[in-house]
Amino acid sequence: MRKEIKQIFLLSALIYFLQGIKSLPSQPLFYYFRETLHLSVSKIMYLTSITTLAWIIKPIYGFISDSFPIKGYRRKSYIFISALTSVILYLLLGSITLSLYFLIGLMLMESFAGAFRDVAIDGLMVEKGKKFNITGKIQSVQWGFLTVAGLLTGVLGGYISQHFNYKIAYLLLLPFPISILIASFYTSEAIYINKKRRFLKIVTSSSLSLLRLFKDSNFTMSSLFLFLLWLSPAIGTPYMNKLRYDLHLSKITIGWVYTLPSLSAIIGAILYYKVSQKINLKKWLYISTIISTLSTLAYLYLTIKLVFVYAFLFGLSGMFTHLLVMDFMARTCKKGNEATIFAMLCSLVNFAGWLSILIGAKLYTLVHFNGLIIISALFTLGCLLVIPKIKV
């Protein structure tokens, strides 16, 4: 295996592992908001949705990364800076008692750092992946390691919730951005020759390139499919609330519920790694949309035993489906502005995800849990109308 491929695998693994493990404070924060601050489920959803705003403007990070290298590097320099920022923020979040809105503010800043880091590594993924026809393999590694991190966040998050608080969770995150600092420093990347064009010319050139892209009907329909797929109203926080206060599961048990899908998702990542280069993407877009719809509807009937069955089955199918869609996004990118275009698609998805949280929060107050599940499933099913118009 080439050295540059090994390096992209390593850096991708580290960054996506952090992206997964940094949800470690999520469970302690939920209980802090719910049981200490006595916030409603809907308000928690509204507040936490703020932290996702950083992921909506990813094309800006992609444009900066593509157009303005630091010391000749378009990717590794930004990865280094974002990792250093995360180290500082984790120290603050883990050592200082903060007011609610200052806490949300620092969480938003960390989201900005994480989103920029994600854009930079995805830029490398698209460049190297398309060069060696391994976009699916790199993404399998990325999301596989993110899922491995999820194994820790589930049980460990539940344990921290039971015995400590969210501050401990943030302090435990510190070694991971530090490892990225070191790995990014030693990662090789071709020096980008900056022709010293004026800022206005760079913006104009990139804007014209993107406008031409939007004239591509296939790209437009692909973008519409991604937007609709992620627009399905969010059920995550209501589901966690149901586990805790309707099914009366302990915090440790809920931690296991969130660990099990991470375990089975690793199997899904391995499966996609093996079939990614020969899979019929369009056929599986149909299949994955139907599976996602049925998976959502299954939550209409919940028992303690079924919670664990769902966790395993949907973790596996969810990861396979997610990698399929991410691979589809990478293959949609045009050469030259890989980071910008991939970031733009991710931002479209993140914007839809942000809207889904807001819609889910509102619907939860109107139609409660079962009504939210049905509407969310119907949103997903509607994506089938767009797939025939996509060329893969």
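**Where two helices meet**

In α2, Gln27, Pro28 and Tyr31 meet Thr153, Gly154, Gly157, Gly158, Ile160 and Ser161 of α7, a contact being heavy atoms within 4.5 Å. The model is a predicted one, in which local features need pLDDT of at least 70 and side-chain atom pairs count only at pLDDT 80 or more, while totals for chains, interfaces and linings use all residues. Residues are numbered from 1 along each chain as its sequence is written, and side-chain values use heavy atoms, leaving out hydrogens and water.

Two packed helices are described by the angle between their axes and the distance between the axes. For α2 (residues 26-36) and α7 (residues 135-163), the angle is about 35 degrees and the axes lie 7 Å apart. Axes here are lines fitted to C-alpha atoms over the stretch in contact, with angles from 0 to 180 degrees between N-to-C directions. The crossing of α2 and α7 is right-handed, meaning the near helix is turned clockwise from the far one by less than a right angle.

Now step back to the whole fold. The protein has 16 helices and zero strands; helices are DSSP runs of H or I with at least four residues, strands are E runs of at least two, and both are numbered from the N terminus. Among contacts with a separation of 6 or more, 86% join residues 24 or more positions apart.

Finally, look at helix α9, where Tyr186 has its place. Tyr186 counts as exposed because its relative accessibility is 64%.

Methods: Buried means under 20% relative accessible area, exposed over 50%, partly exposed in between (1.4 Å probe, protein chains only).
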